[in-house]
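Please read the report below alongside the sequence and the coordinates.

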Amino acid sequence: MTRPVLLLLAALSAGALGQSSSPAPVVVGKAELLNTIRSADLKPGDVIFVRSIGPWQQGDCTVASHTTLTATVVTSPSSIGRHHFVLAMQFSPIRCAGPHPTLVRPALVALEAPSDAVRTEIERYGSGAAQKNMLAGLFPSGYGDVRSSNSPMTNSAPDSGLSSSMMNALRQGIVPEKPLRTGEVRGYRGIDLDLPENTRIPISILSSSHKFSLDRETEFALAYLPLAAEPPPPAPPAVVKVLPPPPEEEIADVCASSGCTELAAAPAIASAHALWTLPLVKLGYQPRPQHEVIGLEHDASVYSFGEDELLLTFVRHTLVPRPNEPVPGSNPRSVRGVLISRADGRVIRIKDWTVSDDLGPFVWALGDHRVLAHVGHDLVLFGPDLSIQRRIPLSGPLLFLSAAPQGDLLLVATVHEKHTPQEHAKIAAFVGPDRSVDEEYDLTGLNAALQVTGSKRVPVEPTRPALVQNTMVAARPVHGTEWVLERSTWDGASKPLARFRSNCEVQVRSLPGDLLLAQGCPPIDPFNSLWYRVLNLQGAVLLKGAVPKGDLLQQAESSSDGKLFAVASSHFDRLVEPTTVMRAGDFANLTVTLYSTRNGKEFFAARVPEGSAQQETFSLSPSNSTLAVLTSVALQAFALTPPAPAP
């Protein structure tokens with residue numbers, strides 16, 4: 001039965017897609033199962049979700065990568081004989097893109113069990129190269145060559161985010177050396193696949209003499225059957241509900257030094273040698289020592305706001321009104337920003353606002369008394385005295401914002417919801433709480449004036465890049481545990497900077513002073529859980545260090561001139577990893593250590609008995625004269641004596 005079915009599929013494809021009358025080869029697409037399914041648990045009417053792997057195209061008809069496909073469990077149309085456990089499924093039609101969009105219906109023609117090794121290599125290989133291609137065209141090639149625009153962030157046509165060479169590499173990793181045969185079930189013993197007997201209503205049947213399960217990431221080989229010859233009945237006129245744009249989030253000016261009771265700084269703690277200590281509880285901060293965290297949080301942060309001021313931000317754990325029609329994944333939070341005098345800890349101004357979700361951080365320092373804040377559904381530029389200078393509407397929920405240390409390049413990633421709330425709820429229930437629902441993502445580039453330089457939409461969740469000057473730096477796996485650090489321009493030119501060995505993904509961040517921070521795991525080292533390197537833009541390593549097992553690296557930053565490097569870490573009496581579940585109150589003995597980038601010598605350390613479960617827990621002043629340290633109970637300032645210049 002296999003051969004006639006394929007010929008019938010080919011003839012149908014050729015006619016419906018406007019090709020010649022001779023049968024054309026059927027182009028089979030790949031998809032992966034989004035969660036484990038068990039034959040004994042399924043009944044007619046249940047829904048199964050799979051996701052396309054790579055784009056599929058036949059003629060002018062295209063199905064994008066990461067398209068969610070829906071299959072419904074149906075009653076078997078025929079007897080299976082000795083096989084008592086049957087899973088019959090029919091896929092719902094989807095619309096393929098092209099000059100003449102048409103409906104196609106997927107049909108299962110082969111099946112393969114997932115390979116963890118292959119999947120891991122694909123993900124590792126794709127990270128750096130796909131990321132570079134995703135960002136291509138978002139920024140001008142050099143400074144000054146910027147298209148002037150004050151328009152809000154706009155959506156553009158979807159982009160696969162993968163170059164042709166990358167797609168070929170991915171296909172080589174996904175498709176086994178021995179191609180799947182039509183009707184084959186590979187990797188599962190005792191399961192048979194019966195191909196559809198009717199291409200108009202294609203039902204694929206899996207059967208076995210025993211109960212069976214299909215694991216998450218099982219690969220489905222799918223033929224896409226055009227439905228142009230049998231168009232669906234016309235849909236009734238849709239009632240379009242025009243929703244008003246979300247209102248501008250009010251930013252409440254809670255307190256100013258001229259009209260509120262001034263919060264006095266507490267006496268300095270002698271053991272810590274602090275200039276002043278400002279208790280957080282008096283500002284409205286509510287510590288939650290029993291709160292469980294995985295890794296580090298963004299509930300509270302401290303930033304330099306010029307030479308003479310600090311900006312403290314934290315989440316106020318209060319009830320926030322929810323919208324009548326909640327957005328999937330939305331989790332509004334109330335945030336408080338406190339402007340503080342660096343000299344004496346005096347509170348200058350307090351402002352409250354709401355963010356639309358709990359994906360931190362919520363503030364990004366741009367230098368020169370400017371910060372960018374996530375406020376409601378906008379990005380708001382605060383200037384001196386926290387005055388509002390500009391609002392930038394977001395096209396969707398904010399995924400991340402990456403800023404070059406100089407503040408002249410910013411990349412904004414927002415989520416584009418491609419499902420209805422009902423579809424989102426069904427997919428979320430199917431994939432489970434440990435996996436997010438696939439969406440599309442809008443990337444927008446901004447220059448120093450916060451003008452849009454480019455935008456695009458990608459189907460795969462992007463990772464936060466390291467932006468520096470007019471380039472991006474990323475780490476790419478080469479072979480085994482070897483990684484290469486590459487610097488890429490927006491027109492695609494790349495230059496290798498350094499090579500490292502790491503047993504985990506190498507993470508890269510850009511630092512002030514035109515420096516880079518690379519972090520990884522030692523392949524073989526029983527005493528250290530993490531290594532880090534500070535490099536210049538030529539790839540030369542200026543500093544290198546290791547984090548002992550039992551310590552957790554929380555933050556690493558350099559001064560604005562690149563002369564100092566600071567590391568914050570907490571010590572634990574047990575082995576901890578970034579994925580270890582801990583209580584916020586377990587963080588104690590916070591240490592912030594400063595080094596000279598010229599000779600690598602330590603010249604200052606602030607050791608405080610309290611701790612902090614936050615990722616941003618300290619800030620250096622632009623002149624390197626003071627260090628602000630944020631713990632779970634207070635904000636402290638320390639005077640710095642910079643190291644003498646090297647002879």
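## Basis of the model

The model is predicted, and local features are reported only at pLDDT of at least 70, side-chain atom pairs only at pLDDT 80 or more, while totals for chains, interfaces and linings use all residues. Residues are numbered from 1 along each chain as its sequence is written, and side-chain values use heavy atoms, with hydrogens and water left out.

## Disulfides

A search of the whole structure finds two disulfides, a disulfide being a pair of cysteine sulfur atoms within 2.5 Å. With the bonded cysteines numbered in sequence order, the pairing reads 1-2, 3-4.

Cys61 is joined to Cys96 at an S to S distance of 1.9 Å, and the link is left-handed, with -125° about the S-S bond. The pair links distant parts of the chain, with Cys61 in strand β5 (residues 61-63) and Cys96 in strand β8 (residues 94-96), 35 residues apart; strands are DSSP runs (E, at least two residues), numbered from the N terminus. Both Cys61 and Cys96 are buried, where buried means under 20% relative accessible area, exposed over 50% and partly exposed in between, for a 1.4 Å probe and protein chains only.

In the other link, the sulfur atoms of Cys504 and Cys521 are 2.1 Å apart, and 90° about the S-S bond makes it right-handed. Cys504 sits in the loop between β33 (494-501) and β34 (507-511), and Cys521 in the loop between β35 (515-520) and β36 (528-536), 17 residues apart. Cys504 is partly exposed, at a relative accessible area of 26%, whereas Cys521 is buried, at 19%.

## Aromatic pairs

The count comes to nine aromatic pairs, under the rule that rings of Phe, Tyr and Trp (its six-membered ring) pair if their centres lie within 6.5 Å, with planes under 30 degrees apart counted as stacked, over 60 as edge-to-face and the rest as tilted. Trp353 and Phe382 have ring centres 5.5 Å apart and planes at 40°, so this pair is tilted. Trp353 belongs to strand β21 (residues 347-355) and Phe382 to strand β24 (residues 378-382), 29 residues apart, and both residues are buried.

Phe604 and Phe638 form an edge-to-face pair, 6.3 Å centre to centre with 65° between the planes. Because Phe604 lies in strand β42 (residues 602-610) and Phe638 in strand β45 (residues 634-639), the pair ties together parts that are 34 residues apart in sequence. Phe604 is buried at 18% relative accessible area, and Phe638 is buried at 1%.

## Nonpolar core

The largest nonpolar core has 43 residues, and those with the most contacts inside it are Ile48, Met89, Phe91, Leu206, Leu214 and Phe220; such a core is a set of buried Ala, Val, Leu, Ile, Met, Phe, Trp, Tyr and Cys residues joined through side-chain atoms within 4.5 Å. Leaving aside neighbours within four places in sequence, Phe220 is in contact with residues including Met89, Phe91 and Leu214, contact meaning heavy atoms within 4.5 Å.

## A four-strand sheet

An open sheet of four strands runs in the order β26-β27-β28-β29, with antiparallel pairing; two strands pair if DSSP finds at least two bridges between them. The edges are β26 (398-403) and β29 (452-458), each with a single partner strand, so one side of each is left without a neighbour in the sheet. Strands β27 (residues 409-416) and β28 (residues 440-447) pair over eight bridges, and Leu411 has Gly445 in β28 as its bridge partner.

## A loop residue

Thr580 lies in the loop between β39 (564-571) and β40 (581-583). Thr580 and Val293 are 287 residues apart in sequence, yet their C-alpha atoms are 8.2 Å apart in space.
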